[in-house]
Structures are given as structure tokens and as C-alpha cells.
Amino acid sequence: MADIAVIGGGAAGAAAFGELLARYDAGTVHWIVGQQAPGRGVAYATGDDRHLLNVRAAGMGVFHEHGDDFIQHASRQLGQVKGTDFLPRRLFGDFIQAQVGARIDAARRAGRSFRIHPGSAREVMARAEGGYAVRVGADRWLDVSQVVLAIGSLSQRPLRTVSTTALAGGAYELDPWRLDRYPRPPRRVVVIGTGLTAVDTLLSAAARWPHAELLAVSRHGLWPFRHSALPLGPYAQQDELNQALLASDGPAAMLRLVRRAIANASETDWRSIIDGMRPINALLWQRLTHTQRRQFLRHARWIWEAARHRLAPASGEAIYQLQEEGRLQVLASRVLDVDGTSPLQLTLRERATQLVATIEADLVIQATGLDTAVAYGAHELLAQLLRDGLAVADPLQLGVSAGADGQLLDADGAARRGLYAIGSLLRGNLWECTAMPEIRAAAHRLATQLVEVGTTDASCDSASEGS
Ligand SMILES: Cc1cc2nc3c(=O)[nH]c(=O)nc-3n(C[C@H](O)[C@H](O)[C@H](O)COP(=O)(O)OP(=O)(O)OC[C@H]3O[C@@H](n4cnc5c(N)ncnc54)[C@H](O)[C@@H]3O)c2cc1C
């Protein structure tokens, strides 16, 4: 028994499944894809072409060796596109499906064994004889030797300041991608959040309800920074900076070094310096103590996220236009309370003045970003893994505790043989692990490891059967 189960039908699951299909001969590869169209996940299921990738086309690929496949794929649909373009995310969803489809065809031709299961994985039980039993749907069980959790982040939980009355009233939306649930145009829409998801939500809302007044609220009231229109050259002293960062002690010292580099390198765009840190970001995070990580999350997270995960220029321009036209206002305020039904009442404390005011909204959409607080979420499979001690929550609620290779740590702190995660569940260990460039590298590394272990296990099994 050397079968492998990949759980999760998003981009990370697709990448891991495709990498395994290309290489794994020692057993069946199962892909448990959940309820939605396989391959797209949350990010690439959108049908709204205002929702753009925030990585240039040349940087987007599903598998380790991707070349310019995505550019060619997009050119077939849109006419000539350039590697420097920021394309609609829908196109990348189509591309993932096409890429996995091609791997499936090749695996069939090579006689490899695989199965795709619609529905959710609901339990993963450790077997006394080694390996895992995975329950899919109500009562289908798979016996596998290795499991990959590629389940993305959790569904959003309401902010603590939202009353049960407001939640029950139907005008507080936790899923920013489901504006189609509101056939009646609202007069005023409040989006909580000013990050990348909030931007997409506001662009969709503006197009869907041209007469609605739009408000975006977040503590700092700041949008992510924009990408430059064209790629930037590297920072000449990046290696020295990265060495100094790796030798520094804690987030405050790191911030000082980055600030100094930006101030001194007047001929270099600051974005090059931030991007040049990408290869060491996980290492920097891993060197921080628990307390330093808390400090980073408390004081520097928002500015880091805004600088690191930037907006496509066209999205930034569209938001700017909405503000110029007076259709969109941004408030730097803390949401103290959301109550009532129709309209909802939001009580806000303004950051600059500390004044408290109440505003009304016909629809409030929560777009506050990734939730990886597994101990508090309502994910059935994760809840079972935590209950059974096969997984433990990261102490800062950034997913689950895991080793550098994605192997889960169990309740005794031991590496759990054959149980791995990929993507946002690993933020506690890697911090930056959710964008495609990181995901496809992780999928490639993980598949190499799974193939090696699975092939060894399978040959041990056949040797013991023979003896
Ligand atoms: C709005 C948005 C835009 C983004 N834009 C970009 C971008 O432009 N470029 C970039 O590089 N990155 C981008 N990202 C980062 C993005 O997270 C990754 O690119 C990638 O989509 C993450 O995929 P995932 O599979 O880890 O998670 P998800 O997309 O969340 O997929 C996880 C899937 O697993 C399923 N699932 C959960 N539990 C189970 C279960 N028990 N059984 C079976 N299935 C289950 C879920 O239903 C879901 O379909 C974006 C992210 C978001 C949210």
C-alpha cells in the first residue's frame, strides 16, 4: 500500500497532484478536490475579468518547469500578450485546468494509476500498521501511505464585533466573491478591509451597482502599493543587504536595514529591494523568536503585506478613478460594532481623531484576508486532525505546526510520518508560502520527497511479501 492522497482542489492541490502524476509509479495518486471545479480554488474561480493577477504573466506557472506556457495559453485567448502583463485571474484558472488535463493524459498513456474524487475529505485517521485512512464524503475510505493537505485557508469567520442580529439579517456577507447573492442594488456598501481582496470586491461592486455609494474601512485606510508598469532592475547591493538581514536580530533591526537601503539607493526603486528579499523571506521568518514574530505581526505586518503583495497597476488605477469620481471613500477606522438588520449600523472609531461615529449600510462585505486560525475555524477535517493530535495549531494561529519540508508536527511535537501540508497552512513555518511561485516550488520539492518515500515503502512491502 503506497497510495498517496492529495486533499484540496485549489492551485496548490493541482500543482502537487500534477507533479506526482508525472513521476509516481509505486501506487495510486488520489486527488480529493472538494465541492468546486478542480484546479481553480478561491483565487482563480472568479469569472470577473476585473480581477487581475498580481504577478506578471511570465511569473505564473503551475509546475516547476513552466517556461512561457501561460503566456502562450493567454495569447491564444486574448491575442498577443506580453510576459510583463498582469492578466485576468480567470485565465490562469483555465490554464491550471489545461495543464493538469495534459498531465492526466500523459499519465494515462504511461499507464500510471490515479483517481480524482469529487467531494471533501472529512477524516484522516492514522492506521496502527502505518499510513492513513482517508474518509471522502459520507463513507468512502481510502488507504494511503502519504497525505498532502492542500486545503488553502479557512472560510472567513465574522469579526468579533459583529452581532448575531447583524449576521442573521442577511446583509453581512462573509464571502466577498458572492455579490451575485444580492439581486437588489444596495444604496450604500461598506467593504471591511483595504487589501487585495477588498480591491477586487470594490471593483466588482462598482460595476454591478453603478449607483451605489462605496466605502472601504480598515485600521490604516491604506491600499496595497502598486506594481511598476514595467519590471524593475535588481538592486546592486541586494546580496549584501540579504546577508545583513540574515545576521540581524529581530524585526526592528530588519526594518532599519531595509529603510536604510531604500534611502541610500536613490537610483533603485524600493520595490526591487523588497522583491530581492523573496529568496530569504522564509529564512528570516524562521530565525525570529516567538516574541519577535508577534512583534512583527503587531507592528509591521500591514506595511509588509502592502509593500510585498502589490496591486496590478490597472487595479490601482481603477480604484483611484472611483475615489476621484467620488464613488468610493476610504476610512481609516476601527470597526467597534456592527448591529441591526436593514440597514446595518456600523460604529467606527476614526484613527486620526479617535472620534466615534455610526454609519448605515445596506450591505457590509467582510474582505479581511486569509484566515489560518485553525484552532478557531469550522473546518471539519482540520478540527478532527487537531482533536486526534495528528496536527497542532501554530502558536500564532498561522496554520499548523510543521517542519521545514511541510511535514506536520503532532501533539507530542514529533514529525508525523507521511502527513504533509502545502500552501497557507504553513504560514507559521514559512510566512510566505501562498503565491504561485512559492507554491509550485513547494509542490515540486514535496513530490520529490513523496516519490522517494513511496517508492521505498512499496519495495519494502514487496520484499516482505516475498520473504
Ligand atoms: C483573491 C486571491 C488572489 C490571488 N492572486 C494571486 C496571484 O495573482 N498570483 C499568485 O501567485 N498568487 C495569488 N494568490 C495566492 C493564492 O492563494 C495561490 O496562488 C493559490 O491560489 C492558493 O491555492 P490553494 O490551493 O493553496 O488554496 P485554495 O485556493 O483556497 O484552494 C483550496 C481548495 O481546497 C478545498 N478544500 C478545503 N478543504 C477540503 C477538504 N476537506 N477536502 C477537499 N477539498 C478541500 C477548498 O474548497 C478549495 O477549493 C491569490 C489569492 C487570493 C485569495
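This is a predicted model: local features need pLDDT of at least 70, side-chain atom pairs count only at pLDDT 80 or more; totals for chains, interfaces and linings use all residues.
Two packed helices are described by the angle between their axes and the distance between the axes. For helix H1 (residues 11-21) and helix H3 (residues 89-109), the axes come within 9 Å and cross at roughly 25 degrees. Because angles under 35 degrees count as roughly parallel, H1 is roughly parallel to H3, and the crossing of the two helices is left-handed. On the H1 side the contact is formed by Ala11, Ala14, Phe17, Gly18, Glu19 and Leu21, which meet Ile96, Val100, Arg103, Ile104 and Ala107 of H3. The residues of this contact divide into eight nonpolar, one polar and two charged.

Helix H3 itself comprises 21 residues and reaches 31 Å from its first C-alpha to its last, a span close to the 30 Å expected at 1.5 Å a residue. Among the buried residues of H3 are Ile96, Val100, Ile104 and Ala107, each of which also takes part in the contact with H1; Arg89, Asp94 and Gln99 are likewise among the buried residues of this helix. Just after H3, glycine 111 takes a positive phi of about 75 degrees.

Elsewhere in the chain, glutamate 173 lies in strand E8 (residues 172-173) and, at 5% relative accessibility, counts as buried. When its neighbours within four places in sequence are left aside, glutamate 173 is in contact with Arg178, Arg181, Tyr182, Leu363, Val364, Ile365 and Gln366. The C-alpha atom of glutamate 173 is separated by 22 Å from that of leucine 322, a residue 149 residues apart from it along the chain.

Note on methods:
Residues are numbered from 1 along each chain as its sequence is written. Side-chain values use heavy atoms; hydrogens and water are left out. Axes are lines fitted to C-alpha atoms, for helices over the stretch in contact, and angles run from 0 to 180 degrees between N-to-C directions. Helices (H or I, at least four residues) and strands (E, at least two) are DSSP runs, numbered from the N terminus. Angles under 35 degrees count as roughly parallel, over 145 as roughly antiparallel, 65 to 115 as roughly perpendicular and the rest as oblique. A crossing is left-handed if the near helix is turned anticlockwise from the far one by less than a right angle, and right-handed if clockwise. Contact means heavy atoms within 4.5 Å. Ala, Val, Leu, Ile, Met, Phe, Trp, Tyr, Cys and Pro count as nonpolar, Asp, Glu, Lys and Arg as charged, and the others, Gly among them, as polar. The expected span of a helix is 1.5 Å times one less than its number of residues. Buried means under 20% relative accessible area, exposed over 50%, partly exposed in between (1.4 Å probe, protein chains only).
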